Every structure is written in C-alpha cells, then in structure tokens.
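Subject: Structure handover

Hello,

I am passing this structure on to you. Please open it and keep it beside this email while you read.

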Amino acid sequence: MSGLPLDAIRAQFPALALTDAGAPRIYLDNPAGTQVPQRVADAVSHCLLKTNANLGGYFTTSIAAEEAAIEAHRAMARFLGASSEREIVIGPSMTNLTFALSRSLGRTINPGDEIVVTRMDHDGNISPWLAMAEDRGATVRWLPFDTTTWNIEPKALDNVLSNKTRIVALNYASNLTGSINDVAALVERIHAAGALAYVDAVQFAPHGFIDVQTLNCDFLACSSYKFFGPHLGIVWAREQILSDLYAYKVRPATADLPWKFETGTPQIELLAGLTATIGYLESLGAPHTGRDALRAAFDNASAYERNLTAQLIEGLQSIQGVTIAGITDPAKFESRVPTVSFTHTKRQPSKIAEALARRNIFVWSGHNYALEIARTLNLDESEGVVRIGMAHYNTSAEIAITIDALREILAA
Ligand SMILES: Cc1ncc(COP(=O)(O)O)c(C=O)c1O
C-alpha cells in the first residue's frame with residue numbers, strides 16, 4: 001500500500017481540482033509535463049512581485065534575486081547528489097542545454113573520433129550529438145535497445161565502443177516504453193573505453209532517486225517541468241569537466257562555475273520556483289531532511305506508482321487488440337517508470353487520444369520525439385503510440401475510469 005498521504009498531496013496541486021464543463025480532469029499526460037504544487041507558483045509569484053531585479057546590484061531586490069538564483073543551484077545539487085552547486089548548470093530546457101554543451105564538447109572532438117547515440121533516446125539527446133558530429137567530422141555509431149527486455153543491454157555496447165569513442169549519449173528511462181536502463185553498468189563500460197557518458201534523466205527524475213555519484217556518469221540532464229516544477233532544464237557535470245570545458249559566453253560574463261555556462265540573464269523567478277519544487281519533494285520524505293527525505297519520498301512514490309502501473313497494464317491487457325510497447329511483467333516493474341504506451345489493431349493512436357480528450361482524460365499520441373523507437377518497432381511514425389503516463393498524484397479511480405473509457409472507445 002501507499003506510504004503517500006494522497007489526499008494531502010492532491011490538495012497541494014490546484015490544477016487537480018479543476019473541471020471543464022463539470023467534468024473533472026484526469027492528467028495522464030505527465031511524461032510531457034507535470035502539474036505544480038501551490039508553493040511553486042507562490043515562489044514564482046513572490047519573486048516577480050517582491051524581489052524582481054537583475055543580479056549583481058547592491059540593493060535589496062538584487063541581493064534577493066541573486067540569493068534565489070544561488071539557492072536553486074544548491075537545491076538541484078541536493079536533488080542529484082552533486083558535490084556542490086558549482087556542478088549544476090540551469091537553462092531554458094534540457095534540449096537547449098544539450099545543444100550548448102555539445103557545442104562546447106565539440107571543440108575537443110576531431111575528425112575520425114566516434115560519438116555513440118541510442119535508438120532508445122528522446123531526440124533531445126540525439127540531434128545535438130548528430131549536429132556536433134557533422135560539424136566536427138566525427139563518426140556516429142548507433143546503440144540499439146533489446147525489444148524483448150526493452151533495455152539497452154550493457155553487452156550491446158561492445159559492438160559500438162572503440163578506442164575512438166569520445167562520448168556516449170544515453171538515457172536513464174525511456175519517454176515512450178518507460179523502461180529504465182542500468183546506467184551504472186553502462187557507464188562502467190563507457191569509461192573502460194575511455195569515453196564520457198552523457199545521461200538523459202528527464203523521464204527518470206519524476207519517479208526515482210538520482211545519485212550521480214553512484215551512476216558515476218559525467219553529465220546528467222533533467223527538466224524540472226517533468227518533476228512538478230517550472231519550465232527549466234538542468235545539467236549536472238563533474239566540476240573538473242565543466243571547469244576544463246570551453247563556454248560560449250559574452251566577454252564581461254564571469255568565468256566562474258556554473259555561471260560561465262549560464263551567460264545572459266537567468267529566468268530568476270523560475271529558479272525560485274525550482275527551489276520550491278525541491279522543497280515540495282523533500283516534504284514528501286519528512287521527517288527526514290535533504291537527500292534522506294528525497295530518497296524516502298521516491299521510495300514511497302515509486303511503490304505507489306508501481307501499483308497504478310499494474311492496474312493500468314492489467315486493464316489494457318484485458319482489451320482485445322491492444323499491444324503494449326514496454327515491460328508488462330509485474331516482476332520487472334522496478335525496471336520501468338509508470339509510462340505505458342500502446343497501439344491497437346483497429347484504432348489509430350491519434351483517434352484514441354482524441355476520444356479520451358473528449359472525456360477530459362489527457363494523454364499523448366505520436367512518437368513523442370522517441371523517433372528511433374517508433375522506427376525500431378516499425379510503427380507508423382506519424383501515429384506512433386498512445387502514451388499514458390502517471391505521476392504520484394494520480395489515483396486508482398482515475399486509472400479505472402480510463403480503462404472503462406478505453407474499453408468503450410475500442411469496442412469493436
Ligand atoms: C527523455 C526526454 N529527454 C529530453 C526531453 C526534452 O526535454 P526539454 O523539453 O527540457 O528540452 C524530453 C521531453 O519530453 C524527454 O522526455
């Protein structure tokens with residue numbers, strides 16, 4: 001059973017109580033973006049209304065704004081297990097930061113060097129590396145995923161790694177299949193080949209406790225709008241790597257970490273919201289504090305989410321013509337996040353998503369930028385899958401309503 005106080009949690013998210021023409025909203029669009037607790041909106045609003053200023057001045061509002069910016073980096077360092085806030089780079093989105101960092105890393109790449117990308121990643125962790133490889137004359141190697149285990153198998157790396165490999169870009173959890181990779185095992189092989197590991201944790205971060213020290217990767221990216229926060233992207237990297245890396249910045253901007261990678265005025269109000277987001281997650285793990293609270297929060301949330309996943313998958317499997325693209329064996333649910341994608345023999349994903357939307361049930365259809373998964377599975381690229389993605393604030397009743405709706409929509 002859940003260790004989560006579900007009613008108290010839901011009460012903190014004003015959006016969960018909204019209705020449209022009397023119909024409650026069922027948010028199952030979480031992999032594309034989650035709802036935010038009141039305290040996050042309050043922090044953004046406080047910053048805009050009471051401490052709005054640029055950074056670096058002698059006056060109260062500027063000092064407060066600077067403190068808000070620093071505090072967000074400290075909060076993210078706690079969230080990810082970074083050694084310090086100097087290792088946290090924050091920007092508008094994961095994709096934007098990855099393009100920027102790939103450009104910096106590209107300055108160390110020579111013609112003939114090799115870059116590895118996977119068939120399992122969101123394009124935000126593929127296209128930046130393809131562009132950089134093209135700019136630098138590097139060779140791209142593609143790492144497949146196993147369509148029976150739904151994971152990237154560590155031994156598959158042996159076919160693509162060589163002494164020329166410089167960077168491997170891979171994901172922690174898939175935004176389409178929901179499967180979780182054994183990142184630590186993959187990183188071990190990547191490092192043995194002398195390459196750097198750039199990990200996309202965007203879809204893992206809302207569901208699991210992240211410890212960059214245990215993963216031992218070199219870069220890890222996530223996006224706070226996927227974990228109950230504002231629209232920001234965050235990249236952690238080892239201090240030594242960041243300090244050695246060239247940063248594209250204006251001349252007067254500081255060369256200090258992490259600011260050299262955040263040239264220009266930051267989204268200060270969103271940074272205030274980010275600190276409140278981490279505060280919310282820590283509150284779920286009370287009476288523990290800091291990293292212990294985060295660990296407890298995710299232990300409870302993931303156990304609860306696994307129950308919802310079991311209910312959803314069992315329901316989907318009871319509907320004729322449904323094929324789930326991902327892990328369905330309950331014994332392996334620790335290897336997946338609660339994102340469940342499926343196709344149907346007769347109805348197109350877009351039509352199913354539309355029919356659910358008419359019932360105020362919010363889901364996504366399409367390839368969801370996991371273009372390479374759609375290709376690997378020979379899916380119609382424009383239609384992809386129906387994706388139902390849960391968060392810890394969803395309820396068993398919402399899943400039951402969704403299954404009933406699908407049963408009706410998909411009835412022959
Ligand atoms: C796995 C994964 N990686 C990267 C991204 C891109 O993140 P952002 O929107 O912050 O650029 C997403 C967004 O859906 C995602 O699901």
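This is a predicted model: local features need pLDDT of at least 70, side-chain atom pairs count only at pLDDT 80 or more; totals for chains, interfaces and linings use all residues.

Start with the open sheet, which is built from 7 strands. Their order is β4-β10-β9-β8-β7-β5-β6, and the pairing is mixed. β4 and β6 (139–143) are the edge strands, each pairing on one side only. On average, neighbouring strands of this sheet are turned by 20 degrees against each other, direction ignored. Look next at β8 (residues 196–200): β8 and β9 pair in the parallel sense, over 3 bridges. There, D200 has A221 of β9 as its bridge partner.

**The helices**
Helix α3 (residues 60–80) lies across β4, β9 and β10. It runs at about 120 degrees to β4.

Helix α4 covers residues 94–106, 13 residues in total. From first C-alpha to last it reaches 18 Å, close to the 18 Å expected at 1.5 Å a residue. α4 lies across β4, β7, β9 and β10, and runs at about 155 degrees to β9. Its buried residues include M94, L97, L101 and L105. The buried residues of α4 pack against β4 (88–91), β7 (165–171), β9 (219–223) and β10 (233–237), and also against helix α5 (127–136).

**The ligand site**
How many residues surround the ligand? There are 14, and the closest are S93, T95, H122, N175 and S223. T95 is also one of the buried residues of α4. By type, the shell around the ligand divides into 10 polar, 3 nonpolar and 1 charged.

Best wishes

Note on methods
Residues are numbered from 1 along each chain as its sequence is written. Helices (H or I, at least four residues) and strands (E, at least two) are DSSP runs, numbered from the N terminus. The expected span of a helix is 1.5 Å times one less than its number of residues. A residue is buried if 20 or more other C-beta atoms lie within 10 Å of its own, exposed if 12 or fewer, and partly exposed in between; C-beta atoms are placed from the backbone. Two residues are in contact if their C-beta atoms, placed from the backbone, lie within 7 Å. A residue is near a molecule or strand if its C-beta atom, placed from the backbone, lies within 6 Å of it. Ala, Val, Leu, Ile, Met, Phe, Trp, Tyr, Cys and Pro count as nonpolar, Asp, Glu, Lys and Arg as charged, and the others, Gly among them, as polar. Two strands pair if DSSP finds at least two bridges between them. Axes are lines fitted to C-alpha atoms, for helices over the stretch in contact, and angles run from 0 to 180 degrees between N-to-C directions.
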